[in-house]
Amino acid sequence: MKKYVFYFSPTGGTRFAAVELAKAMGADEIDITVRCLDMSLQEEDVAIFFFPVYAGRIPVPVRERLSHIKASGTSAILVACYGNRAVEDALLEMSDRVKAKGFRTIGGAEIVTPHAFNPEVGKFRPDEGERRQLLDFVNRVLAKPVKNEVQMPGDPAYKDKKPAKLPLYPKAAKECIGCGICFNNCPMKAISEVKMKVNKKACISCMRCIDMCSTSSRHLPKSQELLSKGLAFAMAGLKKNKPKFYM
């Protein structure tokens, strides 16, 4: 049995949680943030998918990345990473997506990671104790003699809901040197190679370009920056949500 940990992580919070689990399990780490190479998994393998939650849904690029992965009844464990607000329909949507690619969802989890708009929300999460809980959960799922499919929470009518889109579009300041890091690492290829301008129709406001900028010259317009930080606090609240597990 081969174990794979896939992760989509624009700003690193999801990646941290995924890599820590992969190390503890001795699993292969596969970063699908920018691209995913074609690969096939066998029935005896197990895939653990880490993905951030955007307004209660999975990020658009994750759908494309999954199109490169073929499975043959392969077991999948889904880990939804969110900024302390809510997971809503993301686990159910992800379960439907991986099922269409030949996976069987045998477990799911919800964990808090730093918010993409304001990393102070969810800072240092998942903490050591929460990472230990997640590892214990995964081991318990894999130890089950019979690995039946598990129903993930969410509204089956999510497909009829229009995903929320926030008007938060990073731009380059005059200090931009045109190094191309943001252009080459945008999950949506939404940044032009000329002047590093963003295509607002394609941008998913993941903030990866700001996080990766080599000169710290990429940012949101001031009004949008204040809005994003305020939204993160308003939506997440002060309550510390605990991990949830489904098996």
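The following paragraphs describe the overall architecture of a predicted model and then several of its residues.

Local features in this predicted model require pLDDT of at least 70 and side-chain atom pairs count only at pLDDT 80 or more, whereas totals for chains, interfaces and linings use all residues. Residues are numbered from 1 along each chain as its sequence is written, and side-chain values use heavy atoms, with hydrogens and water left out.

The chain contains 7 helices and 10 strands, where helices (H or I, at least four residues) and strands (E, at least two) are DSSP runs numbered from the N terminus. The radius of gyration is 18 Å, close to the 18 Å given by the globule rule for 247 residues, so the chain is as compact as a globular protein of that length; the radius is taken over C-alpha atoms, and the rule is 2.2 Å times the number of residues to the power 0.38. Along its principal axes, the C-alpha trace spans about 60 × 40 × 35 Å.

Of the 247 residues, 47% count as buried (buried means under 20% relative accessible area, exposed over 50%, and partly exposed in between, with a 1.4 Å probe and protein chains only). The chain exposes about 12,300 Å², of which carbon and sulfur atoms supply 53%; accessible areas come from the Shrake-Rupley method with a 1.4 Å probe, and for residues only the protein chains shown count as cover. Among contacts (heavy atoms within 4.5 Å) between residues at least 6 apart in sequence, 82% join residues at least 24 apart. The chain carries 40 positive and 26 negative side chains, and the centres of the two sets lie 5 Å apart. In this count Lys and Arg are positive and Asp and Glu negative, with His and the chain ends not counted, and each charge is placed at NZ of Lys, CZ of Arg, CG of Asp or CD of Glu.

T74 is found in strand 6, which covers residues 74–82, and is buried, with a relative accessible area of 0%. The side chain of T74 reaches the backbone oxygen of Q42 at 2.8 Å. Beyond neighbours within four places in sequence, the residues in contact with T74 include L41, Q42 and E43, as well as G102, F103 and R104.

N241 occupies the loop between helix 7 (222–236) and strand 10 (244–246) and is likewise buried, at a relative accessible area of 16%. A polar atom of the N241 side chain lies 2.7 Å from the backbone oxygen of N84. Leaving aside neighbours within four places in sequence, N241 is in contact with Y82, N84, R85, V112, R125 and E130.

Most residues other than glycine have a negative phi, and most peptide bonds are trans. The peptide bond from R125 to P126, however, is cis, with omega near -5°. P126 is located in the loop between strand 7 (103–112) and helix 4 (128–143).

The loop between helix 5 (181–185) and helix 6 (208–212) holds N199, and K195 and M207 are also placed there. Phi is positive in K195, near 60°, and in M207, near 70°. K195 is exposed, with a relative accessible area of 64%, whereas M207 is buried, at 7%. N199 is partly exposed, with a relative accessible area of 40%. The C-alpha atoms of N199 and C209, 10 residues apart along the chain, are separated by 13 Å.

Note on methods
Polar contact = N/O pair within 3.5 Å; in protein donor to acceptor, adjacent residues only side chain to side chain.
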